[in-house]
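Dear colleague,

I am passing on the structure below, together with some notes on what I found in it. Please read the notes with the model open beside you.

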Amino acid sequence: MTPQRYVQEKAAASGSSFYYAFLFLPAPRRAAITAFYAFCREVDDVVDEVQDPSVAAHKLHWWQLEVARSFAGQAQHPVMQALMPLAAEYKITEAHLQQVIAGCQMDLNQTRYLDFAGLQTYCHLVAGIVGEVAANIFGQTDDATTAYAHTLGLAFQLTNIIRDVGEDALRGRIYLPIDELQRFDVKAQDLLQRRDSPAFQALMQFQAERAHGLYDQALALLPDADRRSQKPGLMMASIYRTLLREIEAAHFPVLTQRVALTPARKLWLAWKMQALGRF
């Protein structure tokens, strides 16, 4: 299997909303974002799928070494073999990839966040940096687009956190800030035992409103000069924000089920943004 085939299959198998936005890109940019996304999936899967934390830490350390090797011209993994020929053209640096790995390492060492500021540090590494790299691949021309990309990445990550509260609890992780749990009188044990309540509903509505505010802020930050080139990001925003609204409409059943959009609906939302330029 060629490296290009490997990353294509890795991206497609994930079923992610990101994949549907990639389909509308020109072939070279699609190849770059697919390889980068496959890298993100590889390192994220280490945290989610490896049961033994020491084994997971060892695997992430291997990825740190592999990234360094790859930028020295000695890529071994098919993901890096697919990515490296495109890295310079699309301004993908070793620091970008190492920061993504550092964010995944946080998942091994930290399962709680005291406040939103602490959570933002984590989100910056696993989502903001991803947004920054993606914006470059899509064709950023204005430096101000970086702030848009980071803000949109934060909105995406908060949407993921809302969607995955129950699944994360099964892994012993709680990403909702401790001070906000206390403010809404929601006990960590309630989340770990997946107990719904009016207090939990109020907490989740607060989280959803914060995410919506970040989507609005991101869209306001996007310079007009880059609106056309950044359409793939806007497609993802349409898909993710629709998902957030679905979760809200269902009254946040996220402790016991995973709310998802169908592939057909994701494709429709992506096409609508591409063709009509609107959500």
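Leaving out residues up to four places away in sequence, P253 touches I247 and V259, where contact means heavy atoms within 4.5 Å. The model is a predicted one, in which local features need pLDDT of at least 70 and side-chain atom pairs count only at pLDDT 80 or more, whereas totals for chains, interfaces and linings use all residues. Residues are numbered from 1 along each chain as its sequence is written, and side-chain values use heavy atoms, with hydrogens and water left out.

P253 sits in the loop between helix 13 and helix 14 (263-276), helices being DSSP runs of H or I with at least four residues and strands runs of E with at least two, numbered from the N terminus. With a relative accessible area of 15%, P253 is buried; the term stands for under 20% relative accessible area, while exposed stands for over 50% and partly exposed for what lies in between, with a 1.4 Å probe and protein chains only. From C-alpha to C-alpha, P253 and S229 are 36 Å apart in space, although 24 residues separate them in sequence.

**The chain as a whole**

The protein chain has 14 helices and zero strands. Its radius of gyration is 18 Å, close to the 19 Å that the globule rule gives for 279 residues, so the chain is as compact as a globular protein of that length; the radius is taken over C-alpha atoms, and the rule is 2.2 Å times the number of residues to the power 0.38. Along the principal axes, the C-alpha trace spans about 55 × 50 × 35 Å.

Of the 279 residues in the protein chain, 53% are buried. Among contacts between residues at least 6 apart in sequence, 71% join residues at least 24 apart. The accessible surface comes to about 12,400 Å², of which 53% belongs to carbon and sulfur atoms, the areas being computed by the Shrake-Rupley method with a 1.4 Å probe, and for residues only the protein chains shown count as cover.

**Helix 4 and its two partners**

Helix 4 (residues 53-71) packs with helix 6 (residues 94-109) at an angle of about 175°, with their axes 10 Å apart; axes are lines fitted to C-alpha atoms, for helices over the stretch in contact, and angles run from 0 to 180 degrees between N-to-C directions. That angle makes helix 4 roughly antiparallel to helix 6, on a scale where under 35 degrees is roughly parallel, over 145 roughly antiparallel, 65 to 115 roughly perpendicular and the rest oblique. Helix 4 contributes P53, A56, A57, L60, W63, Q64, V67, A68 and F71 to the contact, and helix 6 contributes E94, L97, Q98, I101, C104, Q105 and L108. By class, this contact has twelve nonpolar, three polar and one charged residues, where Ala, Val, Leu, Ile, Met, Phe, Trp, Tyr, Cys and Pro count as nonpolar, Asp, Glu, Lys and Arg as charged, and the others, Gly among them, as polar.

The axes of helix 3 (residues 27-49) and helix 4 come within 8 Å and cross at roughly 155°, which makes helix 3 roughly antiparallel to helix 4. Here F39, E42, V43, V46 and V47 of helix 3 meet A56, K59, L60, W63 and V67 of helix 4, and the residues of the contact divide into eight nonpolar, no polar and two charged.

**Buried sites elsewhere**

Seven of the ten residues of helix 5 are buried, so this helix is largely enclosed by the rest of the structure; the buried residues are V79, M80, A82, L83, M84, L86 and A87.

R173, in the loop between helix 9 (165-170) and helix 10 (178-183), counts as buried at 8% relative accessibility. Apart from its neighbours within four places in sequence, R173 is in contact with V47, D48, D107, T111, R112 and D168.

S238, in helix 13 (residues 231-249), is buried as well, at 2% relative accessibility.

**Two loop residues with positive phi**

K91 has a positive phi of about 60° although it is not a glycine; this residue is found in the loop between helix 5 (78-87) and helix 6 and is exposed, with a relative accessible area of 54%. For D185, also a residue other than glycine, phi is positive and near 55°. D185 lies in the loop between helix 10 and helix 11 (188-192) and counts as exposed at 53% relative accessibility.

With best wishes
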